[in-house]
Amino acid sequence: MNRKAIPIKILMADDDEDDQLLTRDALAESRVLNAIEFVKDGEQLLNYLRNDPPYDDISKYVRPDLILLDLNMPKMDGREALEQIKQDASLRSIPVVILTTSLQEEDKLKGYDLGAASYISKPVDFQGLVTLMRELGKYWIEIVELPR
């Protein structure tokens with residue numbers, strides 16, 4: 001690929017702080033140079049995306065290029081958040097990758113029906129997560145052309 005890789009901003013919605021830390025570390029170890037921010041549930045995700053308080057500082061809370069979405073979260077789960085994102089004309093163009101422990105066929109079908117770009121099962125170990133972050137980075141930075 002001759003195209004110059006442009007770092008992207010990733011927003012991850014996941015209530016598990018260990019998963020957040022591991023993802024940040026895996027992204028760093030995979031040498032994929034991206035900014036990543038975290039929210040803990042679907043309500044925070046939508047507030048962030050809409051720049052509603054406490055995410056109303058638009059210079060700090062910039063629209064992400066990619067959302068990594070866990071399905072099983074408190075308050076508002078990933079399914080409901082995905083549905084609201086894809087129904088919102090100002091947000092629907094943001095690619096959403098479901099990254100979850102759920103292997104339920106129903107969740108996969110519903111995720112794609114609601115507009116998810118991909119459905120990925122979380123790796124069970126750190127090295128698997130590093131590999132996943134490297135491949136995700138390669139795909140979303142070097143191959144896919146995202147709107148700017």
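This is a predicted model: local features need pLDDT of at least 70, side-chain atom pairs count only at pLDDT 80 or more; totals for chains, interfaces and linings use all residues.
Visitor: How many aromatic pairs does the structure hold?

Guide: There are 3 aromatic pairs. One of them joins Tyr 48 and Tyr 55, with 5.3 Å from centre to centre and 55° between the planes. That pair is tilted.

Visitor: Why is the pair of Tyr 55 and Tyr 61 called edge-to-face?

Guide: Look at the angle between the planes. Over 60 degrees counts as edge-to-face. The planes of Tyr 55 and Tyr 61 stand at 90°, with ring centres 5.0 Å apart, so the pair is edge-to-face. Tyr 48, Tyr 55 and Tyr 61 together make one aromatic cluster.

Visitor: Now the sheet. What is the order of its strands?

Guide: The order is β2-β1-β3-β4-β5. This is an open sheet of 5 strands with parallel pairing. At its edges lie β2 (35-39) and β5 (118-121), each pairing on one side only. Neighbouring strands are turned by 20° against each other on average, direction ignored.

Visitor: How many bridges join β1 to β3?

Guide: Strand β1 (residues 9-13) and strand β3 (residues 66-69) run parallel and are joined by 4 bridges. Leu 11 stands opposite Ile 67 in β3.

Visitor: Which strands does helix α1 touch?

Guide: Helix α1 (residues 17-29) packs on the sheet and touches β1 and β2. The direction of α1 makes about 175° with that of β2. Helix α3 (residues 78-87) lies across β3 and β4 (96-100), and runs at about 180° to β4.

Visitor: Next, charges. How many salt bridges does the structure hold?

Guide: First the general idea. Side chains of opposite charge can pair when their charged atoms come close. Here there are 7 salt bridges. In one of them, the closest N and O atoms of Asp 14 and Lys 122 are 2.6 Å apart. Asp 14 sits in the loop between β1 and α1, Lys 122 in the loop between β5 and α5, 108 residues apart. Asp 14 and Lys 122 are both buried.

Visitor: What does the salt bridge of Asp 88 and Arg 50 tie together?

Guide: Asp 88 and Arg 50 meet at 3.4 Å, N to O. Asp 88 is in the loop between α3 and β4, and Arg 50 in the loop between α2 and β3, so the pair ties together parts 38 residues apart in sequence.

Visitor: Last point. Where is confidence lowest?

Guide: Helix α5 (residues 126-143) has the lowest confidence, at a mean of 80. Helix α2 (residues 42-49) has the highest, at 97. The mean pLDDT of the chain is 86.

Definitions and conventions: Residues are numbered from 1 along each chain as its sequence is written. Side-chain values use heavy atoms; hydrogens and water are left out. Two strands pair if DSSP finds at least two bridges between them. Helices (H or I, at least four residues) and strands (E, at least two) are DSSP runs, numbered from the N terminus. Axes are lines fitted to C-alpha atoms, for helices over the stretch in contact, and angles run from 0 to 180 degrees between N-to-C directions. Contact means heavy atoms within 4.5 Å. Rings of Phe, Tyr and Trp (its six-membered ring) pair if their centres lie within 6.5 Å; planes under 30 degrees apart count as stacked, over 60 as edge-to-face and the rest as tilted. pLDDT is the predictor's confidence in each residue, from 0 to 100. A salt bridge is a side-chain nitrogen of Lys or Arg within 4 Å of a carboxyl oxygen of Asp or Glu. Buried means under 20% relative accessible area, exposed over 50%, partly exposed in between (1.4 Å probe, protein chains only).
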